Structures are given as C-alpha cells and as structure tokens.
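Visitor: I would like to learn how to read a structure like this one. Could you walk me through some of its features?

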Amino acid sequence: MTAILILFTTAIATLFTGLTKNRSLLQPIALAGCLLALGATFYNPMGWNERYISMFQFDNFALAFSGVAILAATLIIGLSGWGFRQLNDTLGDNYGLILFSLCGALCMFSFTNMVMLFLGIEILSIPLYVLAGSRRDDLAGNEAALKYFLMGAFATGILLFGMTLVYGATGSFDLAVVNEAIATGKGSVGMLQTGIILIIVGLSFKISAVPFHFWAPDVYQGSPNLVTTFMATVVKTAGIAAFYRLFSLAFEPAMDFWSVPVTVIAALTMTVANMTAIFQTNFKRMMAYSSISHAGYLLLAILAIGTPGSEGALLFYTLTYSLATICAFGCYMVVAEQNGDGSFAAFNGLSKKHPLLAAVLAISMLSLAGIPPTAGFFGKYFLFSAAFAKAPWLIVLAVINSAISIYYYFKIIIAMYFSREENVYETGIPVGVRWVVLAGMLLIALLTLMPGSVYAWI
Amino acid sequence: MSLLLVLIPLITAIFLLIARPSGARTIALVATLANLAVSGFACMGFVGDGSFNHEFSVPWVAEAGITFRLGMDGISLLMVILTNLLAPLIVLSSFGKQMEPEGRFYGLVMLMLAALNGVFMALDGLVFYVFYELALIPIYFICAIWGGQDRIRTTLKFFIYTFTGSLFMLVALLYVYLQTPGTHSFAWEELVRVQLDPTAAWWVLLGFFLAFAVKMPVFPFHTWQPDTYTTAPTGGTMLLSGIMLKMGVYGVIRWMVPLAPEAMHDLAPVFIILAVIGIVYASIIAVKQTDLKRLIAYSSIAHVGLIAAGVMVWNKAGLQGGLIQMLNHGINVVGLFFVVDMIERRLGTRSLYDMGGIAKSAPKFAALFMIVMLGSVAVPLTNGFPGEFLLLNGVWNYNFWLGAVAGLTIIFGAVYMLRAYGLVVFGESNAETAKFEDVQTNEWIVLGVIATLVVVLGFFPGLVLHLTDGSVNRILGTVQF
C-alpha cells in the first residue's frame, strides 16, 4: 500500500513539474519515487500491508511481484533520460503515465476482490494506450495505439463479462468467498465455467497468449522503444501475476476444469510464437514473438498452482525475463539510433565497436533462451520442475520450444560477433544506458550465483 | 582442491574477456600449467577405493535440494588429468596462429576448461547439467568466430543439435529428482538410490542417451560432427575431440547407467549395436576421405564408437578399457589434429593429393607424426593398444559377433591411417612440399610431449588402470543390470 501511495504521489509530482520549465528535474523525481517505492516493498514500518477494505492485501506474493515490477520500471526510467530526449512539452506526461500505469500493476498484484482486479487492469492499460501513441506524428505509432486500445478494450469487456458470470454463480466478487462457493459446489456450474473461460480469454489477451496475440507484434513494433519495453516487462508481469493470484485464490477448487483450456493455450502459445519468431527479420517484432512465447512458459506456473515452489518459480522467471528484456532493449535503442530500421543486419559487427553492448546483448539473449548458467536457465528450470508433475508432456513440448528459440535469439549473436560486414556506429553509449545495462547484468549474475534468494522469497 | 580446478580457469577467463590484456596467450598458458599442477597435487593424496576425494560442497538453492558439490573418485580424477594435461598443449598449439582478438580467444578457451573440469567433478545433478551446457557456449563462439568456410551454419547446427539433446537429459534428470524422497535432492547418491518403474526408466534412459549420444557422437547422431570438426579452428577441434566428447562417455558412466539401470537390460543391446554400426560406418567413410582433417574426424567417430560400446557392456574390461582409452584417444587425437594444423599452415591445403615427400624435407616432423599415428592405430607398446584390447575383450565377452565386428576398427584404422601417412610423408615431393619447414620450438614441445606420452603410456598402462580400479569395482558393485 505504501508503494502505491508513493508512486501515485510521484506521478502527480511529475505531471506538475512537467508544466514548469524544469524538464531536467523530471527523471530524478521519477527515479527517486520508484526507488522509494521499491524500498517500501521491502520495509514497511507502518503496517500498511494489512487488508484494506477487503480490496487489497499486500501479502508476500503482492510485495514480491511489486518489487519486480517497480525494479523493472526503475530501470526503464533509467533508460528514459536518453530514450525520451526528443520529447519536449509532453515529457512530464510520459513519466506521469508510466507511474500511473505502474500503480495499476501494483493493484493487480494485491487484489483480493475481482472489482479491484478490473480497476487495476484499467489503471494499467489506459495510460499505456496513450503512451503507445505518444509520438503523435508517427503513423506506425498511431496504428499501434489504436490497435492496442481496441484490442485492450475488447479484452477488458470479455473479462468483465466473465467476472459478472462468476458473480452470478457464486454471489460475490471476493476471492475468498468465490473460492468457498466453488469448493462447496454452490451455484450454477454452467455459469461459473462459462465465466472462468471468459476470464481466461480476457487475461490471455492481456498477456498476449495464442490465439489472442495478434495485436502484440504490431503494437510492439509501432510503439516507442521504451513503451515497448514497459509492455514486455511490467505489463507482462502484472498480467501473469494477476492470472496466478486470481486462479490460485479464487478458482483453485475448479482446477480440473480450467487446467484443460490453460494447457491448450500454453501449448499453442509457445509453439506458434516460436515458429513465427524464426521467420522474423526485425528485432522488435522478434522480441514481440519472444515475449509471446514467454507468456506460454509463464502459463506453466498457472498449471502448477498448488505445487510448492510455483510462486517462487513464477517470481524468478518474471524477474529474469524482465531484466534480460530491459537490457536487450537498452542495447537495441543505441543500435537503432544509428541503423534505424531495426533489422538484424543493424547489429552487424557490434562486437568490434561496442564490446560492452554486444556482450550485454549476447548474455541477455542467452538468458532469454534459457541457456545455463544464465539466470534465465534457472527461471525455466524452476518453472518446469514446478509444473512437471501436473503436465509432463507439456514440459517436453516446452523443452523442444526452448531449443527452437535458440535459432532466433542466436541470429542477433551471429550478427554481432560473426558477421564479416560491419556497420558504422558513431554514437557512443549514453551514460544512462550504460548504467542500466550494467545494473541489469549485475543482477542477472547475482541471480545466477544465488538463485535461492529470490526463489524462496515468497 | 576441486574448487580450485574450476576457479583458476574461470577467473582467468573473466579477466581475459573483460580486461583484454596484451599477452593473453602467456597468461592462458600459465593458468593451464597452474591447473595441471593442482591436478598433480590432487593425485598425490588420492584414495583410490572409489570414494569421493577432495569434496567441496555449499548449498546453492537449499530449498530445491541443489548443492554446489564437487568431488573426485578415480574416474573423475582421470578425466580431470586428461583435461588439464591437454589444456596447456592446446593453448600452446594455438601460438602459431594469430587469433584476433587474442584476449577473447584464450578467454573462451579458459572458460571452456572451467566448464569441463566442473562437468567431470560435479556430484549434483543440476550442477552437472549447468557445467555440461556451460561448456557449449565458449566452444560455439570459438568455432563461429575463428572457424573456416560455412562456419556460421555449421556451428549453429552443432549448437542446436547438442543443446536439444541435453534438454532431454534435463527432463530425465528432473524426473528422477522428483522421485527422490522428501523435499527432493539432486545429490548423486540420492538420485542413484531412486528405484524407477520400468516404463519411466525407459524414458529416463532414452533422455540421457540422446544427450550423450549426440555429444560423443554415436551413430546416427553424428551428422554434426565431421562438419564442425572440419570448420572449427584447430584449437577448437582439439577441445571438441580431445576433451569435450569425453563428457558424453563420462556422462554414461557416472549418470546414465547408475540413474536408470532398470532399463539398461532392455536397451543396452540397442545402444551397443548402434555404437558398433558407427564404428564400421565411420571407418569405411574415413578410408575414402581426401581431406586429412575430415579423415581424422571420421576416425574419431570410429574410436569413440568402440569406447561407447565397451562402456555400455558394463563389465570390468569394458569400463577399464573405456577409461584408459578416453585418456589415450584424447592425447592421440590432439596430436593428429596438431599435425594437420602444421601441414595446413605450411601448405595451405588439407587435401591428401597435394602432399607427399614431406619425409625428405622434414624428417623430424615425419618421425613425430609416425609415433602419434602408430598410437592411433593401436600398435602394441603404444598407448592406443591396451585400451582397445580391453575394450574389444569387454565387447567380446558380452557377445562374440559384436566383438568380432568391433574388431574391424583396428584393421580399418590401420588402413586409413597408414594410407594417409603414406600419402603425406612418402612419395614424390612437389614444389610446395619440397620446402616444407621442419618443426619449430612450440611445435617441438607439443608434439614431443604427445609422442612421449604415447610411448610411456604404451609401456606402462598400469599407471592409469591402477588409478581407476577401485572406482570401477565400486560402481560395478553398486550398479548392476
């Protein structure tokens, strides 16, 4: 709760600072707010994590995931000094919107009532619709914003309809009450099951799982780089964590029913996304499909609900995934500055001109592909081992998909290290980017050395 | 002590990769020699009763039963000796070439050594897996950066092939791990103790087999190997053939058979027959090769096929033969690839038909090449002989016909190696080979050490057999099928 208040206040502060001429103050304010909020997820002197009018509860799950999301946002804001440098009059709005969106994510980690989940999703999404179109004279950006808005609104509608049906069947929006109603077999089963299916569909839109993923590649490609990064990390984390929280706290008694559609969606998501990613030639589109495929792996955690360690596995996975994605996008921004089209050829010969960026990007790719000993491997390992007992064949499929994913992640490494052609890179590495990628690498290294520290957090 | 063997190369690697100092080759050489010294010390206080010496253990993910645990019994110690004995030779053999940027090349080699030492000493399933995969990344970069023609496609094929194989091993490991009692543990002893039901054991065994069969490689999983060996730079080829493929054989002995012996009774014949097919198949192809490097690549498949067959019959002769032959094959194959590299650097070709008459212009080279070649053919009193003899004895005891077919390896080996040697060294010299320069200092050291080892280990195979005896007895006693 403290974290939400801090973030909200900071967001207001950035909005008003944006009205004045002190543009240089904006990034420090936003960073300070995020760091304070990050501290508040660890240290909570006023006991404000209690349940709050039956809407929130900042339990360990919520605090841990809030930590991941705020950390990701902090790093993204660290990149923003350079990433947003061309924005003039709208800079304050951009920071404000990012922070508001982050507040929404925190609601999605801590809700104990479906109404709060819905509000959280809206608080998260609406600023993002604006952010996606923040380059107002850019056609692709406008297309992305419109697509994202239409798809998002549609998904929220379906989700809301599902919640209504669940309410009809169980008589409450409160997760604990819903859980008890399902466990005791009260209410109409048909209505409940339809409701659950619609909620699965709605949330699958949000985490861009197949077959509800069509918006993702265009939106990722068209949005400004930092907004894409935010979508791929914070939004993805919020979506899957909310999914997990809702299904473990409310719908666990009906697991036999919903585990079938979730299994199908997970299998489709990882396979289709990986197969499509192979054929991409643009970095951002490739990362979009990569993020879809990670949604498939993350769904394994939903199937592992009830297995000890599944929360820790999800937490670890989202953290390593977010770190690697942010580092990759940080490097990409510098590369795209010079060779703007974002094709793989833009990375040719990067290892000679910027060994640091090349090494960071290579480690990020290895981590996303889940290759030992990078932290991404432990993420996959924890997730797979948690879900193994429930769905062994799905794990085999996931393993095959991990092998396929090497092919496209390695295209970047091949371009950077093995290509005999070389691009011109005149831009140096901006200070903000350097610090953020180094911090990201340090955290990935720490997670490799001490995976247990995060895994056992919840 | 065991931690030191991983840490020395690891720290050197990080230093070389990040600081990119000048004189990287010297630093790398010193580090490999230090590692060799440490493994020498490890031998001194060694207790050869099959227990684990020099154990090092810290919890890694305590909640999930993962412990960073290293230790050595005789089998591990032999592999560690192999790795650290060949490492300085491999580093030294790259001195003749400009590997730019140097810090990156030697850094990757050192990273590779850290991983290899880790693989051979890991006593925790997940630690083993992590090191096993870690070894893949540096060798991928080495082959793809400094390789020859078509390197990018070939190495990516190699990477995906081996990585896929080992992912199935991960699934198998995971399955066995989830059968351990309580909060689960990856400790070797715990995993061995698990009793699998027959169907599960089949799948587990197949998962492991896929990983190790690709790595060795065993027919029909060998298709990546000749291309990769041929395109890789010589240092990379030496690492791959001398040490890395032993990870597969070692994995069979330490992990595959002990973890799923329940299914070995049914599946071992299939594996052994595949290995024997590979011996004959690769030997026949080797006879037809005109590219010297490719020829040795195929001969390596044949030799490893015999090692695999011998190990999987799981009797004393087979295991002891497999172990001693792993060491000797490593020595010989590194020597042979070094010879190829010397020829290629001087003549600019690897085609057997562009050579000939080198004996006249470079007699010392011809003599050293002869010793290494004889070791590879397994002539008695060279190092190749005791291993192949024991292996064939092992396979023979298992099944007469299989032993007879596997025995063809010696005949074929003599055919293709003598043919290659004849075409390279004897006959008419041409304009290029007439001015073939004889061995230089660093080449003298590498080939001299290898030739000495070929002879010494040929005369005194007992040195090695003694080392592994206790461990082989113990593992045969505890794991039966």
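Guide: Gladly. Let us start with A:His354, which sits in the loop between helix H14 (350-353) and H15 of chain A. Helices here are DSSP runs of H or I with at least four residues, strands are E runs of at least two, and both are numbered from the N terminus. This is a predicted model, where local features need pLDDT of at least 70 and side-chain atom pairs count only at pLDDT 80 or more, while totals for chains, interfaces and linings use all residues. Residues are numbered from 1 along each chain as its sequence is written, chains are lettered from A and ligands numbered from 1 in the order in which they are written, and side-chain values use heavy atoms, with hydrogens and water left out.

Visitor: Is A:His354 buried or exposed?

Guide: Buried means under 20% relative accessible area, exposed over 50%, and partly exposed in between (1.4 Å probe, protein chains only). A:His354 has a relative accessible area of 10%, so it is buried.

Visitor: Which residues does A:His354 touch?

Guide: A contact means heavy atoms within 4.5 Å. Leaving out residues up to four places away in sequence, A:His354 touches A:Tyr425, A:Thr427, A:Gly428 and A:Ile429.

Visitor: How many residues does each chain give to the contact between chain A and chain B?

Guide: Chain A gives 34 residues and chain B gives 34 residues. Buried area is the accessible area (1.4 Å probe) that two parts lose on being put together, summed over both. Here it is about 3,100 Å², with 83% on carbon and sulfur atoms. On the chain A side, A:Tyr381, A:Phe388 and A:Phe418 lose the most area to chain B, together 21% of what that side buries.

Visitor: Which elements of chain A give two or more residues to that side?

Guide: They are helix H15 (355-369), helix H16 (375-388), helix H17 (392-418), helix H18 (431-449) and helix H19 (451-455) of chain A. H17(A) supplies the largest share, twelve residues.

Visitor: How many salt bridges are there between chain A and chain B?

Guide: A salt bridge puts a side-chain nitrogen of Lys or Arg within 4 Å of a carboxyl oxygen of Asp or Glu. Between chain A and chain B the count is zero.

Visitor: And what is chain B like as a whole?

Guide: Chain B has 21 helices and two strands. Its C-alpha trace spans about 75 × 55 × 45 Å along its principal axes. Buried residues make up 65% of its 481 residues. Among contacts in chain B with a separation of 6 or more, 81% join residues 24 or more positions apart.
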